[in-house]
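Visitor: I have a model here that I would like to walk through with you. Could you show it to me and take my questions as we go?

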Amino acid sequence: MANVTDLMIMREQALAAVQGAPDVAELEAVRVRWLGRSGLLTAALRSVAALPIEERRAFGAAANQVKADLELALDQGSARVRGAATLAQFASEQADLSLPPRRLRLGRLHPISRTIREVSRILATMGFETVEGPEVESDYYNFEALNIPRGHPARDKFNTLWVSDPLGDDPERPVLLRTHTSPMQIRVMESRRPPIRVCVPGRCYRFEATDATHESVFFQYEGLAIDEQLSMADLKGVLYSFARQLFGGERKVKFRPDYFPFTEPSAEIAFDCFVCNGGGRTNSGACRTCGGSGWIEAAGCGMVHPAALRRVGYDPERHQGFAFGGGIERLAMLLTGTPDIRLFQTNDLRFLETA
Ligand code: FA5
């Protein structure tokens, strides 16, 4: 039968075990051994009932005190081993500064973004301000206001993607994905007064089969200048300077007569093909990049049509203007030596890291 002296011995043994426990698991083992359901101290507490009545009070008080002391020691022991574990973890995780660094893969601008910035930068040197316009456009701005009414054969050239109007379809006001950036000619002339010089880069959409030089989603840049006494000579001067700044004077440039309903007269500007150097042939036959012609059409251009000027309230006797619009991808292909336009959209890092 235990007495108070035995309790004191048990206390010393239990506290020593707590002191010596190196980790949480060992502490838990000590707790179970002394305070668990069949623990040594639990058994001693239970034995109080068997003591002679005059010893019970002193023994019970001592046993409860031992239990309280042990619980306190276990709490403190728990804090001690947890702190030690954290410190050990910190020590093992210290950075080894002698290790070689991880390779950083630096991203860079997509060739299309770089070309848009370069076009805007060059046109800015000639006073053109870059503005943007909506990609979802109305039939009016994309066609009607540009002298392409319904039934006009020029509509066939722009394989148009029509979209449903979220506000409800109105057959009188159809909505489409813009097929070119030219609608911004009208929007800018409506909202500004001459003199005007703007550059409009942006995404365009056409429902057509893709090949080495055609995509159904592609970028154009538009240039528009309105002032007094502007002529075709100003247009050619701007485009020659543009081509020389972009290609460093190496590419050949050619103007050919063309037709656009919203410019009169109209022309097309073309650069000699960088793959076949304008010869139209490669070792494997006709050049696929330029279709064997030796020339890559880069932009349509011309003097803004008087009817378009009148439509926005300008007097064609006083104000004239020129406009040009070309494909960003075509320029990017020339600048990066990319033979197939589809490479720009495939997200292939092997191409993007070298283009
Ligand atoms: C036009 O889109 C006229 N808006 C250009 C213009 C502007 C004329 C201002 C006069 C005044 P065109 O359809 O030819 O014209 O397209 C112009 C250029 O966009 C082409 O020379 C070509 O570089 C590019 N382009 C046209 N369709 C595609 C396509 N499917 N994929 C890639 N580039 C294209």
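Visitor: Into which domains is the protein chain divided?
Guide: Happy to start there, and please keep in mind that this is a predicted model. The division gives two stretches of the chain: domain 1 (4–92) and domain 2 (111–352).

Visitor: What distance separates the centres of domain 1 and domain 2?
Guide: The centres are taken over C-alpha atoms. On that basis, domain 1 and domain 2 have centres separated by 87 Å.

Visitor: In what order do the seven strands of the open sheet come?
Guide: The pairing in this sheet is mixed. Strand 1 (129–130) and strand 7 (253–260) each have a single partner strand, so one side of each has no neighbour in the sheet and they stand at the edges. Reading across, the order is 1-5-6-12-11-8-7.

Visitor: Which residue is the bridge partner of Ala270 in strand 11?
Guide: Let's look at the pair of strands involved. Strand 8 (residues 263–272) and strand 11 (residues 295–304) run antiparallel and are joined by eight bridges. In strand 11, the partner of Ala270 is Glu297.

Visitor: At what angle to strand 6 does helix 11 run?
Guide: Helix 8 (residues 183–191) lies across strand 5 (196–205), strand 6 (217–227), strand 11 and strand 12 (320–327), at about 40 degrees to strand 6. Helix 11 (residues 328–336) lies across strand 6, strand 8, strand 11 and strand 12. Its angle to strand 6 is about 105 degrees.

Visitor: Which strand gives the most to the lining of the largest pocket?
Guide: The largest pocket holds about 630 Å³ of space. Its lining has 33 residues, and the closest to its centre are Lys157, Arg206, Gln220, Glu297 and Gly325. The elements giving two or more residues are strand 6, strand 7, strand 8, strand 11, strand 12 and helix 11. With six residues, the one that gives the most is strand 11.

Visitor: How many residues in the lining of the largest pocket are charged?
Guide: Sorting the lining by class gives 11 nonpolar and 12 polar residues. The number of charged residues is 10.

Visitor: Where is Pro265, the residue joined to Glu264 by a cis peptide bond?
Guide: Most peptide bonds are trans. The place of Pro265 is strand 8.

Visitor: What is the phi of Asn147?
Guide: Most residues other than glycine have a negative phi. Asn147 sits in the loop between helix 6 (139–142) and helix 7 (154–157). Although Asn147 is not a glycine, its phi is positive, at about 65 degrees.

Definitions and conventions: Residues numbered from 1 in each chain as written. Predicted model: local features only at pLDDT ≥ 70, side-chain atom pairs only at ≥ 80, totals over all residues. Heavy atoms only, no water. Pairing = 2+ DSSP bridges. Helix = DSSP H or I, 4+ residues; strand = E, 2+ residues; numbered from the N terminus. Contact = heavy atoms within 4.5 Å. Axes fitted to C-alpha atoms, helices over the stretch in contact; angles between N-to-C directions. Domains from an automatic or database assignment. 1 Å grid on protein atoms, 1.4 Å probe; cavity = no way out; pocket = protein on both sides within 12 Å on 5 of 7 lines; lining within 4 Å. Points joined across faces, edges and corners; volume = space filled by probe spheres on them. Nonpolar A, V, L, I, M, F, W, Y, C, P; charged D, E, K, R; others polar.
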